[in-house]
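Colleague: Could you walk me through a few features of this model? I would like the cut-offs along with the answers.

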Amino acid sequence: MASLNRSRTTNYSYYLVMLAIFFAGIWLILASGSKLSSPQNEVIQPSASGRPAESRAAPSTQTQISRFFRLEDRSALSILLLQLIVIIVVAKLFAAVFRRIGQPPVMGEMVAGITLGPSVLGFIAPQVTSFLFPATSLGTLGLLSQVGVVLFMFIVGMEVDLEHLREKASSAILVSHASIVVPFLLGAALSLTLFATLATPNSRFTPFALFMGIAMSITAFPVLARIIRDRQLTQSPLANTALACAAVDDVSAWCILAIVVATAKSMGLVGALITIGLTAVFILVMLLLVKPQLERLISSRISDAKYSRRVLASALAFALASAWVTETIGIHALFGGFLAGLVMPSDRKIQTFFEEKIEVVTSTFLLPLFFVFTGLRTKVTLLNDRWSWMVCIAIIVVAIVGKLGGSMLMARWTKMSWRDSFGLGALMNTRGLIELVVLNIGYDLGILSDRIFVMMVIMALTTTFMTGPLLSLVGIGKAK
């Protein structure tokens with residue numbers, strides 16, 4: 001014990017000596033440097049008052065303050081850092097408020113993004129919006145948000161339990177595909193009346209109609225799962241059926257979306273067929289060749305702390321590589337991120353490991369960037385007449401009738417009670433974040449104009465807000 005105490009005393013002594021040498025060295029350097037003179041590039045002329053004029057290299061305090069608030073003098077990094085601070089703080093404040101009123105926190109983050117955009121903050125204080133989100137900074141913000149959504153889709157893909165889907169395939173496929181087919185058909189039919197007035201200039205009807213159909217058909221699997229957990233329904237048969245249906249819905253909808261995007265990007269039938277063919281080959285390679293290898297490689301290394309960091313880094317690289325492949329093929333990178341998660345090992349321990357490591361950064365830091373980026377594109381003021389709001393209401397009604405109604409009737413067809421059928425329809429009507437992802441794809445491809453983009457965002461928020469109250473209406477679950 002005595003020798004241990006002597007060793008600690010010796011270490012502290014060395015530490016204090018090191019600090020003394022450090023501070024002494026810094027003092028000597030600064031003292032010596034104070035005697036040096038700076039290069040004189042120009043002669044300082046006296047001013048009219050007899051005092052030397054200020055050097056260009058040494059701006060006054062007032063000049064520095066005004067420069068701080070001038071947009072053109074800020075660096076790109078300073079703008080991005082300020083944006084990150086504001087986005088994270090505002091997103092978490094809204095998430096806390098929405099949790100208190102019984103809504104999923106992600107809904108609060110979505111509304112926070114809309115609030116920071118031109119619809120609210122830009123309307124109230126446009127100078128503040130211009131200062132926080134100058135047009136020159138949106139490219140960087142958009143790219144960062146896309147990386148965040150790719151990683152988010154990777155986590156969503158991992159949450160899809162393929163074994164569970166096989167067990168409930170009969171009922172899940174029927175209900176989930178009804179929840180796709182009915183709203184898809186209604187959305188495509190609605191596009192007949194919307195194309196002439198709300199499509200982008202020089203756009204084609206086929207991509208517009210197909211995209212309206214798929215946008216009406218989306219179910220937000222992560223938000224649905226969170227609603228089920230918050231309402232203490234996790235162990236109920238209704239929850240198991242809903243999760244299975246939503247998982248089938250997600251897989252099917254993303255496959256259909258890949259075809260829609262391929263059709264929109266290509267200028268002819270041959271180009272579309274090539275893109276679809278390459279996509280099909282990539283999916284088969286991932287499911288039949290890559291997935292078995294991942295099961296073997298990851299399962300043998302995930303439990304060893306020595307390899308866990310390498311496994312995490314490899315998984316991130318794999319998700320980004322899959323996203324790069326699908327982006328290069330001609331469909332969106334987000335589909336690649338989802339597919340990468342889908343082929344990951346189904347072991348719950350492995351999934352938890354990746355979710356704990358990746359989802360924290362993604363949900364806390366990157367996803368709020370996506371919400372704000374979407375909010376900056378959402379200009380509710382574009383709906384400035386009665387006709388626009390009537391069209392928006394019509395879109396919402398069609399979305400509810402198609403998704404909730406189609407799911408409910410098919411669930412009833414499979415011998416579920418009317419109460420559970422309605423509850424399942426309400427859950428499948430949840431669109432949330434996944435809908436925003438799809439809408440941004442359509443916006444980036446030039447399929448959706450600014451006005452219909454706003455209408456579809458309002459539809460996504462409205463249908464997701466409805467889920468909790470509709471479940472309470474029929475007495476399903478109890479919010480925490």
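Modeller: Happy to; here are some questions and answers, with the ground rules at the start. This is a predicted model, so local features need pLDDT of at least 70 and side-chain atom pairs count only at pLDDT 80 or more, while totals for chains, interfaces and linings use all residues. Residues are numbered from 1 along each chain as its sequence is written, and side-chain values use heavy atoms, with hydrogens and water left out.

Colleague: Is serine 407 buried or exposed?
Modeller: Helices here are DSSP runs (H or I, at least four residues), numbered from the N terminus, and serine 407 lies in helix α17, residues 386-413. Contact means heavy atoms within 4.5 Å; leaving aside residues up to four places away in sequence, serine 407 touches Val175, Ser179, Gly402, Gly425 and Met428. Buried means under 20% relative accessible area and exposed over 50%, with partly exposed in between (1.4 Å probe, protein chains only). Because its relative accessible area is 0%, serine 407 is buried.

Colleague: Which element gives the largest share of the nonpolar patch?
Modeller: Val181, Val182, Leu186, Met390, Ile393, Val397 and Val401 form this surface patch, with about 580 Å² of accessible area together. Such patches take residues with over 30% relative accessible area and no salt bridge, joining nonpolar side chains (Val, Leu, Ile, Met, Phe, Trp, Tyr) within 5 Å; a salt bridge is a side-chain nitrogen of Lys or Arg within 4 Å of a carboxyl oxygen of Asp or Glu. The largest share, four residues, comes from α17.

Colleague: How is the aromatic pair of tyrosine 443 and phenylalanine 453 arranged, and what is its class?
Modeller: Rings of Phe, Tyr and Trp (its six-membered ring) pair if their centres lie within 6.5 Å; planes under 30 degrees apart count as stacked, over 60 as edge-to-face and the rest as tilted. By this rule there are six aromatic pairs. With 4.9 Å centre to centre and 55° between the planes, tyrosine 443 and phenylalanine 453 form a pair that is tilted.

Colleague: How far apart are the end C-alpha atoms of helix α3?
Modeller: The expected span of a helix is 1.5 Å times one less than its number of residues. Helix α3 (residues 76-100) has 25 residues, so it should span 36 Å. This agrees with the distance between its end C-alpha atoms, 36 Å.

Colleague: Which residue with a positive phi follows α3?
Modeller: The phi is near 85°. The residue is glycine 102.

Notes:
Helix = DSSP H or I, 4+ residues; strand = E, 2+ residues; numbered from the N terminus. Patch = residues over 30% accessible without salt bridge, like charges linked within 9 Å, V, L, I, M, F, W, Y side chains within 5 Å. Areas by Shrake-Rupley, 256 points an atom, 1.4 Å probe, with all protein chains shown as cover.
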